[in-house]
Amino acid sequence: MGLRPPRRYWLTGAGNGLGTSLAEAILGSGAHLAMSSRSAHSCEALSARYPGQVLALAGDLTDSQTVREIGEQIAQQWGSLDTVILNAGTAEYTRGQPGDHTIIEHIVRSNLLAASLCIETALPLLRAGTEPHLVGIASPATYLPPSQTEDGGSGMRYLFESARLGFASDDIDVTLVHPGYDNSSLSHDDCFPSPVQWSAETAANHILSQLIERPQEVALPAASMTVLWPLPSSTDTEQTDVAPCQASVWSPIKGRP
């Protein structure tokens with residue numbers, strides 16, 4: 001009886017923070033990993049450390065043609081996927097003021113549109129995979145109540161609940177990883193009131209350990225989002241980090257799609 005082949009993952013938003021920690025943990029398990037980020041440079045170090053395990057797939061996940069091409073590369077290399085983890089996205093905060101339409105458009109494109117394009121592309125690959133599993137990591141902008149974000153808070157939940165219903169006949173498990181919190185109060189520095197101060201590595205290990213049981217939801221009760229998603233403002237390029245709850249500025253807290 002032959003050995004079981006390595007599990008094949010596609011991880012988006014893999015460029016830094018939580019995404020990089022998830023990538024390292026996945027590769028450390030011996031799995032093969034397709035990594036998507038805005039820049040191929042972020043994948044080079046892991047490719048060198050884990051030769052033969054990494055498939056680097058840089059590109060803008062809000063562009064439908066780019067996502068289709070990524071899917072075609074995965075199909076040509078592997079023919080299937082076993083687990084897809086959609087971590088790419090953004091969250092923008094305008095503390096106490098209505099969101100400008102350009103910010104809302106940016107949130108919808110970066111989180112919901114990118115996720116839906118990736119799900120559409122991944123579906124035939126998951127159908128061909130072993131014990132397929134679709135995982136989404138929700139930004140506060142698409143999960144928390146409207147009082148805490150300017151975007152409404154239900155988009156990612158609706159998207160993944162719809163996917164769960166639609167994929168039931170294909171035996172594809174669907175999990176949503178979302179912000180965990182105990183009350184509605186927020187501090188200036190932390191987007192979640194929970195006192196838990198996790199490193200990106202700790203959060204990644206928590207998520208992966210929970211995914212073993214394939215639950216419908218996994219709470220992520222971690223504070224200090226700049227540790228998990230240390231990214232620049234969406235109006236910048238590859239510059240300095242911005243605090244995720246800073247007033248009146250755009251400040252992404254997830255790996256850009």
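Two residues are said to be in contact, or to touch, when they have heavy atoms within 4.5 Å of each other. With that meaning in hand, this briefing looks at a predicted model of a chain that has seven helices and seven strands. Read from the N terminus on, the elements run β-α-β-α-β-α-β-α-β-α-β-α-β-α.

**The chain as a whole**

- Of the 257 residues in the chain, 52% are buried.

- Ser21 is found in helix 1, which covers residues 17–28, and when residues up to four places away in sequence are not counted, Ser21 touches Ala200, Glu201 and Ala204.
- Ser21 counts as buried because its relative accessibility is 18%, and the cut-off for buried is under 20%.
- Helix 6 spans residues 200–211, and helix 1 and helix 6 pack at an angle of about 55 degrees, with their axes 8 Å apart.
- Helix 1 and helix 6 are therefore oblique to each other, and their crossing is right-handed.

**Gly71 and the buried side of helix 3**

- Gly71 lies in helix 3, which covers residues 64–77, and Gly71 is buried, with a relative accessible area of 7%.
- Leaving aside residues up to four places away in sequence, Gly71 touches Thr121 and Leu125.
- Gly71 and Glu120 are 49 residues apart in sequence, while in space they are 9.6 Å apart, taken from C-alpha to C-alpha.
- The buried residues of helix 3 include Thr66, Val67, Ile70, Gly71 and Ile74; these cover an arc of only 140 degrees around the axis, which puts them on the same side of helix 3.

**The length and the end of helix 3**

- At 1.5 Å a residue, the 14 residues of helix 3 should span 20 Å, and this agrees with the model, because the end C-alpha atoms of helix 3 are 20 Å apart.
- Just after helix 3 comes Gly79, which takes a positive phi of about 85 degrees.

Conventions:
Residues numbered from 1 in each chain as written. Predicted model: local features only at pLDDT ≥ 70, side-chain atom pairs only at ≥ 80, totals over all residues. Heavy atoms only, no water. Helix = DSSP H or I, 4+ residues; strand = E, 2+ residues; numbered from the N terminus. Buried < 20%, exposed > 50% of the residue type's maximum accessible area, 1.4 Å probe, protein only. Expected span 1.5 Å × (residues − 1). Arc of directions from axis to C-beta. Axes fitted to C-alpha atoms, helices over the stretch in contact; angles between N-to-C directions. Parallel < 35°, antiparallel > 145°, perpendicular 65-115°, else oblique. Left-handed = near helix turned anticlockwise from the far one by under 90°.
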